[in-house]
Amino acid sequence: MYKPTNPQQTLFGIDTQLSASLCKRLQSSWAYFFKVEVLPILFRNEDQYALLYGKTGRPNFSVARLLGLCLLQELNNMSDQEALDEFSFDIRWRYALDINEDDDYLSRRSFVEFRRRLAAKDPEMKLVRNVFDSIRDSALKKLEVSTKDQRLDSTHIISNIRIRGRMSLFSDTLDVFLKSLNGDQLSIVPEDILKWHTTESEGWFGLGPADQKVKLDELARYVYALITIFEKDESVKSTEPYQLLTRLFSEQCEYEKEPNTDTDSKTNSRITVKKKSEGITLQSPYDPDVSYGHKGAGYSLHVAETCNNPDKPEIITDYEVHGAGRSDIAKALPVIERLNEAGMKPATLFADGGYPSVPSALKITEQQVEFMAPVNRARLADDVVGRDQFQYDSTGHATKCPMGHSPIDHRILSSNNKTNRSLHAIFDGNTCRTCSMLGQCPVRAPNHRERGCQARETVGDFRLEVTAELRLRDQMYADQQTLQWKERYKIRSGIEATFSELKRSYGIGKLRVRRMVKVLFAISCKLIACNVRRWAKAHLAFFRGIFQRFMFVVVASLRIVQAAAVEVYFTRNYPLRLS
């Protein structure tokens, strides 16, 4: 049964049981900041978690304090038991969470059950996202941090899994499936598969490349045999281990036609492992949400934070988690949309070269956001002039080329043998062939010419694709060659320090959990903890600075008073005698 936390503090709290000096030290620590600034935010958000509990039964442990415990756990990168030990024995944790006699004890089962219910009821972790938004907004407001300039980047994250290649993937997936079967179901499994499962499932170390291929094909046949045996058993077919088995087979295996056969049926084919798998594929049966990207198997975390705030901490403003198999391309647009909904759309967004794509860059620019990210022009050489050197009218039609030549027409044509059609400017072929800038011009020579034929030897008119996306790309490419752009872009590298902090202090590079929903919860808490620590550090430094300035004024005033008193004393007792 859901029971809201009573925010009323007890009359005799933990601080009343300490000496004056210890109480002063406690109130100057992070615990006091957490209790005064963070805990009230958790109290205001806890009613949203009522859906985790029923209307009857034993009342729940304080949700706000459970959330606070999760934040403190990730703030110190601790395991569950370590966090519960600190909760029980560290007076600073109890003071920060404002623990009273009613909430004096928390079992590990209650702690784990809270996260289990949250994962079941809110797999997208929108409730935790609301906590992140609330703490972010409070930190930005009280620290007066500007969100005008922000930077965006991604990093690679590994969940609690082990990646050892295809052999391990097949072996683990088969092992997980066979362990999920009951006695009756195991009785119909072929004996050779059962023998392998009990004696050889981990016995593939030391095999050479040829022996590994033979063993891998054997495991592929085991997978196919088990799929065939249980494909009509609904009680098995609906389970996740069976679905992982079918996914593994579809992604990694294929039917290879037997030699000297004329038919293409599966009965005349043998099961083999594909030489190369494509797309987002299964990496581990223990975490099916993991995918493989250019940095390896795992997850990708996108983080946006403020920048260009001298003498102030930078606050993380947005994040997104997905499998590592998905590219960073076009990921900047949804980040800006979320920031716009939160009322903190940046005027300038700095990102690395993995984010911009031609369509997304145009959409970002249309939202009045300056997108500073390096772009490339694919096959165009560096000495080829861009479309930004051409002149255009208000409708987007080209009016003049860099040499002052006007197009003779505009047409909707296909480009580079693609089915998509776009706007092209048509230039007179005779003029282009005699132009001295033809070698550096991006115009395309006429089609239907012989192989090896040079542009000046062609017949027909030249054309240039002049869509808004390509014009923007060429403009961004030209801007990034300037020294001013490079100086402004230097600020983007600062987010690498944030990722270093997240991995060193919060363990975000290698998590203790697996599966997307648990990974998302852990990452959300770690990012909230990072913002809390930055906020607390600036808060404590601010008040420490005020105290130091106050003491400086007091000491200076005392010295002035002391000097004046000495002067009065000598004036009265030893007056100057004039001769």
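Against which elements do the buried residues of α17 pack? I began my notes with this question, working from a predicted model.

**Entry 1: helix α17**

I found that the buried residues of α17 pack against α15 (358–366), β8 (370–372) and β13. I then listed the buried residues in α17, which are L470, L472, R473, D474, M476 and Y477. I also checked the span of the helix. Helix α17 covers residues 468–479, and at 1.5 Å a residue its 12 residues should span 16 Å.

**Entry 2: nonpolar cores**

I turned next to the largest nonpolar core, which has 98 residues. Within this core, Y49, F114, I135, L301, F371, I523 and L527 touch the most other members. I noted that α20 supplies the largest share of this core, 13 residues. I looked up I523 separately. Leaving aside residues up to four places away in sequence, I523 touches I157, L301, V321, I508 and L511. I recorded a second, separate core of 28 residues, with A220, V223, Y242 and V273 among its members.

**Entry 3: salt bridges**

How many salt bridges does the structure hold? I recorded 31 salt bridges.

I took R534 and E305 to begin with; their side chains meet in a salt bridge at 3.1 Å, N to O. R534 lies in helix α20 (residues 516–573) and E305 in strand β5 (residues 296–306), so this pair ties together parts that are 229 residues apart in sequence. Is R534 buried or exposed? I noted R534 as buried, because its relative accessible area is 12% and the cut-off for buried is under 20%. E305 is also buried, with a relative accessible area of 0%.

I then looked at D217 and K213, whose side chains form a salt bridge at 3.4 Å, N to O. Both residues lie in helix α11 (residues 209–230), where D217 and K213 are four residues apart, about one turn of the helix. D217 counts as buried at 9% relative accessibility, whereas K213 is exposed, with a relative accessible area of 53%.

I recorded R338 as partly exposed, with a relative accessible area of 25%, and E320 as buried, with a relative accessible area of 15%. I also found that R338 and E320 belong to a network of salt bridges, in which they are linked with R129, D318 and K331.

**Entry 4: residue E457**

Where is E457 placed? I located E457 in the loop between α16 (429–433) and β13 (462–465). E457 counts as exposed because its relative accessibility is 55%, and exposed means over 50%. I compared its position with that of V385. E457 and V385 are 72 residues apart in sequence, and their C-alpha atoms are 22 Å apart in space.

How values were computed
Residues numbered from 1 in each chain as written. Predicted model: local features only at pLDDT ≥ 70, side-chain atom pairs only at ≥ 80, totals over all residues. Heavy atoms only, no water. Salt bridge = Lys/Arg side-chain N within 4 Å of Asp/Glu carboxyl O. Helix = DSSP H or I, 4+ residues; strand = E, 2+ residues; numbered from the N terminus. Buried < 20%, exposed > 50% of the residue type's maximum accessible area, 1.4 Å probe, protein only. Core = buried A, V, L, I, M, F, W, Y, C linked by side-chain atoms within 4.5 Å. Contact = heavy atoms within 4.5 Å. Expected span 1.5 Å × (residues − 1).
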